[in-house]
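Open the model in a viewer and keep the selection tool at hand. The stops below say what to select next and what is there.

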Amino acid sequence: MTERPERGRVAGLDGLRGLAAIYVLLFHSWLLAFRYFPRNTGPAYLTWAMYGRLSVVFFLALSGFSLALSPAGNQWRLGGAARFLRRRAWRILPAYWVALAFSLAVALFIVPATHYGPPNHRSLAVFGLLLQDFVKARTPNGAFWSVAVEVELYLLFPVFLLIRRRLGALVLLAVVTVPVLLAGLAAPHSNPPEGDTGLTWHLAPVFAAGLVAAGVVTASTRLRALPWLWLAAAACAPVLLTIYAKGSYWTGHHYFWIDLAIAPGLTMLILAVATDPTGALTRLLSSRLLAGLGKISYSLYLIHLPILTVLAKKVAPHHVERGPHTYAFLVVAGLPLSLLAAWLLATAFEIPFQRHRSWRALPAAAHRTLAAVAGVHVALLRSLRRPPFRPGFAPASVPDDLPDPQPEGAPARVG
């Protein structure tokens with residue numbers, strides 16, 4: 001769900017982003033194939049697929065880190081809150097609104113997204129305005145809750161940077177985290193209940209941790225040289241062991257604390273990649289496949305769930321048994337379909353808005369693209385109209401030992 005930094009890119013982060021998006025898809029496949037989550041009603045070998053919530057925590061830490069990279073190199077100055085928010089809206093809203101329209105169409109005309117029924121006008125208003133974290137409404141897409149959380153954190157981002165610049169990293173973490181911890185401890189049984197709205201304020205410290213970690217990239221060599229990967233493993237291990245020991249049902253009802261506990265380890269994993277651009281892990285994550293996956297990860301996050309829902313509820317019952325067979329079907333069929341849909345969505349509504357920062361630039365870019373496509377189309381038509389090749393015969397104007405003539409400056413052949 002998270003985006004790359006506005007200026008510059010850190011090798012490997014796209015790969016991490018892409019893998020996290022795939023894990024969310026595998027988690028939603030589990031939800032659609034088995035019942036009674038967070039109870040583990042599936043086979044033991046698929047237990048690992050039940051914790052997709054951790055990917056959202058990772059996305060938010062990575063979002064804070066990525067967005068803070070440029071300010072960290074500029075004495076934690078943002079360059080204008082209004083400009084930042086405008087650029088964020090330009091970046092995330094087009095793809096989100098298109099995915100919302102697609103999700104509404106699927107939920108209204110094919111299969112509802114939840115057992116509460118198909119979305120209605122309230123759903124359109126609430127989700128269109130990104131108010132789903134505050135106002136209850138029937139959801140057209142269960143993955144959209146975290147987009148609203150991210151937008152809320154964007155609004156707080158300039159304030160976080162101001163605190164970081166004037167008071168330091170520790171004060172920022174304290175200001176954001178201490179109230180969350182106190183509220184959690186004051187809740188019944190020290191465990192805030194989860195409902196349909198207003199559940200995610202405790203994720204602000206996760207975002208702030210990523211923001212603070214961005215300062216390591218521009219810090220001293222000694223700090224950057226710390227064994228961040230081993231530190232990340234050491235920080236994550238107790239949390240993962242607790243999840244394993246307590247089981248999915250307990251974990252599903254204690255995500256308030258699990259999210260907070262896993263955040264330091266996930267943040268250090270990001271640092272392990274960002275501070276070691278020549279390391280084996282970073283090189284793997286920077287491979288063409290994983291980097292390309294990361295570039296469409298936001299679109300994949302937005303659009304995969306309606307596709308999986310249609311496959312699970314309208315197609316799979318006619319071909320496979322419920323349970324592991326349905327899970328395998330959703331992964332085998334749903335993954336490539338979701339990747340294709342994500343690529344189309346990103347190509348049309350993400351990449352153009354990343355490359356062109358104004359409405360004036362978009363039509364010109366679209367015109368150039370259409371002109372290029374038209375040029376290729378004309379070239380293909382001309383090639384199809386040429387006389388067919390006959391063995392032993394060549395036109396008198398083109399000797400056999402010469403290539404086809406090509407005007408100077410003409411584009412290379414396609415394909």
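A salt bridge here is a side-chain nitrogen of Lys or Arg within 4 Å of a carboxyl oxygen of Asp or Glu. This is a predicted model, in which local features need pLDDT of at least 70 and side-chain atom pairs count only at pLDDT 80 or more, while totals for chains, interfaces and linings use all residues. Residues are numbered from 1 along each chain as its sequence is written, and side-chain values use heavy atoms, with hydrogens and water left out.

**Salt bridges**

The structure holds three salt bridges. Select Arg91 and Glu350, whose side chains meet in one of them at 2.8 Å, N to O. Arg91 lies in helix H3 and Glu350 in the loop between helix H14 (324-349) and helix H15 (351-355), so the pair ties together parts 259 residues apart in sequence. Helices are DSSP runs (H or I, at least four residues), numbered from the N terminus. Arg91 is buried at 4% relative accessible area; buried means under 20%, exposed over 50%, and partly exposed in between, with a 1.4 Å probe and protein chains only. Glu350 is buried too, at 1%.

Next, select Asp259 and Arg53, which form a salt bridge of 2.7 Å, N to O. Asp259 is in helix H10 (residues 255-274) and Arg53 in helix H2, 206 residues apart. Asp259 has 0% relative accessibility, and Arg53 has 13%.

Then select Arg17 and Asp14, whose closest N and O atoms are 2.6 Å apart in a salt bridge. Both lie in helix H1, three residues apart, about one turn of the helix.

**The core**

Select Phe65. Phe65 is among the residues that touch the most other members of the largest nonpolar core, which has 103 residues. Such a core is a set of buried Ala, Val, Leu, Ile, Met, Phe, Trp, Tyr and Cys residues joined through side-chain atoms within 4.5 Å. Beyond its neighbours within four places in sequence, Phe65 has contacts (heavy atoms within 4.5 Å) that include Leu13, Leu211 and Ile270.

Phe27 sits in helix H1 (residues 13-33). Select Phe27 with Gly52: their C-alpha atoms are 5.1 Å apart, although 25 residues separate them along the chain.

Move to Ser248 in helix H9 (residues 228-252). Which residue's backbone nitrogen lies 3.4 Å from a polar atom of the Ser248 side chain? Select Asn40 to see that backbone nitrogen. Ser248 is buried, with a relative accessible area of 9%.

**Last stop**

Finish at Phe109 in helix H3 (residues 81-109). Phe109 is exposed, with a relative accessible area of 70%.

Notes. Helix = DSSP H or I, 4+ residues; strand = E, 2+ residues; numbered from the N terminus. Polar contact = N/O pair within 3.5 Å; in protein donor to acceptor, adjacent residues only side chain to side chain.
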